Amino acid sequence: MNISKSFIPILKNNPSEAKIKSHQLMLRVGMIKQSSAGIYSWLPLGFKVMKKIEKIVREEQNRIGVQEILMPTIQSSEIWKESGRYEDYGEEMLRIKDRQNREILYGPTNEELVTDIFRSSIKSYKSLPQLLYHIQWKFRDEIRPRFGIMRCREFYMKDAYSFDINDEEAFFSYNKFFLSYLKTFKRLDLKAIPMAADTGPIGGNLSHEFIILAETGESKIFTDKRIFEVDTKDTKLEKKSLDDMRKKFEQYYSVTDEKFNKEEFEKKVSNENRLTTKGIEVGHIFYFGDKYSKPMGASVDLPGGKKDFVKMGSYGIGVSRLVGAIIEAKYDEKNEVMKWPISIAPYDLSIIPMINKNDNAALDKANNIYLELEKNNIEAIIDDTDENFSSKIKKMNLIGAPYQIIIGKQTDGDLLEFKETGKDSQKLKLKDIIKIIIEQKVKN
Ligand code: 5CA
């Protein structure tokens, strides 16, 4: 892709309406465009990143055996009246009337709809567990949408739902998601910590938020630093192993402000291990037993002939929020350098030729390199404009492809000036550059 033909509307300066770095960068490099309060269009650069995040989220759901479905954004009010949440949900729910005067709504979450799907087909314990997920737009009429796509009204979410025969099996499902979330965030190069959390309008009494540390986060967190050392690498997808893993995290005090108790914090955590900071909630899991299955009559036949309501949990990841969260974690605001993790970078590499008006040599070389990279499944973007060199570098530093090739005075013969974005350059042959990038891509 040549930058002159791309739809990457870059702004010279930071937009004044953006208060945090992710919002600034996303507007500055044209990843998103606000359409109305808390509602955004996703432009090519932002969309590419979000789709790559979605792919990783999907792969990790599939890996633990969750089946993908797609539910609509618009739901009928009937099922919400059955569960009793139609009134409870309040003004965050966008309520609409259709031409027949029927009450419909734009789904803020899908516990009711998925329970309705489940109860219409699954009748026996023999079909359990059922684990279902979808990745779909949600709408919540947030009172104060802010920070761009971090707290907006329309957002893209992965939500999964589990149906089990009893508490023991349900905790097994819960723990599978717990582990899967840790893996998902790791693949996104984020260190997310699970924290005991409140359940809010979703309900239930067991819940964890997955939080990444960031000064601009909305969640205040109180944690024992030792939680960062918990190792999950030997955890297996088996009941005991998963149970032990969750216990390893839960032995450390780690909560958001809603659950914070000063006395308990000071009693359980020694002074040197206390960490009070802020974070961004990127995922949230809930166990709520029969909160929905009971009022909605979702029951199965048990082995002895009796029936019981299934035990349910739900599991969310903010796919669109993650784009902002990763910028908060990775963007070097001072030097204006973004370096996307290669697993989700909009481009793997940027090619920056110094273009001389009367000489196409540098651009020709860039095009040849581009074709060679393409053959190796490496996606590059060429800055084919005739802007000056430093503004080109500045622009590419913002776009954030993790690697750059510079074609200029330093280029001699086969040796190219290659660098990790934001770092010093080295001279390498194209075939070695390709090797480095492929190695990184395979690792991720
Ligand atoms: N039904 C449950 C689990 S699927 C649920 O809706 N949980 S949630 O309310 O915690 O949302 C799940 C995730 O969506 C959050 O962890 C957060 O990452 C993201 N999210 C929630 N509200 C917003 C919002 N207004 N803007 C952007 N992302 C949001």
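1. In this predicted model, a side-chain N or O atom of glutamate 111 lies 2.7 Å from a nitrogen atom of the ligand. The protein buries 95% of the 600 Å² that the ligand exposes when it is taken alone.

2. The shell around the ligand comprises 22 residues, of which Thr109, Glu111, Arg140, Cys152 and Glu281 are the closest. Sorted by class, this shell contains 9 nonpolar, 6 polar and 7 charged residues, and the space that the ligand takes is the largest pocket.

3. Which strands each supply at least two residues of the shell around the ligand? They are β8 (154–164), β13 (274–289) and β16 (311–318), and β13 gives the largest share, with 5 residues.

4. Turning to the strand pairing, β6 (residues 103–106) pairs with β4 (residues 74–76) in the antiparallel sense over 3 bridges, and serine 76 has isoleucine 104 in β6 as its bridge partner.

5. Strand β6 also pairs with β5 (residues 94–97), again in the antiparallel sense, over 4 bridges, with glutamate 103 in β6 as the bridge partner of lysine 97. The two strands β5 and β6 form a hairpin with 5 residues between them, and asparagine 101 in the turn has a positive phi of about 65°.

Technical notes: Residues are numbered from 1 along each chain as its sequence is written. This is a predicted model: local features need pLDDT of at least 70, side-chain atom pairs count only at pLDDT 80 or more; totals for chains, interfaces and linings use all residues. Side-chain values use heavy atoms; hydrogens and water are left out. A residue is near a molecule or strand if one of its heavy atoms lies within 4 Å of it. A polar contact is a pair of N or O atoms within 3.5 Å; within protein, one must be able to donate a hydrogen and the other to accept it, and residues adjacent in sequence count only if both atoms are side-chain atoms. Accessible areas come from the Shrake-Rupley method with a 1.4 Å probe; for residues, only the protein chains shown count as cover. On a 1 Å grid over the protein atoms alone, a cavity is a set of points where a 1.4 Å probe fits but cannot get out, and a pocket is an open set with protein on both sides within 12 Å along at least five of seven lines; lining residues have an atom within 4 Å of a point. A molecule sits in a cavity or pocket if more than half of its atoms lie within 2 Å of its grid points. Ala, Val, Leu, Ile, Met, Phe, Trp, Tyr, Cys and Pro count as nonpolar, Asp, Glu, Lys and Arg as charged, and the others, Gly among them, as polar. Two strands pair if DSSP finds at least two bridges between them.
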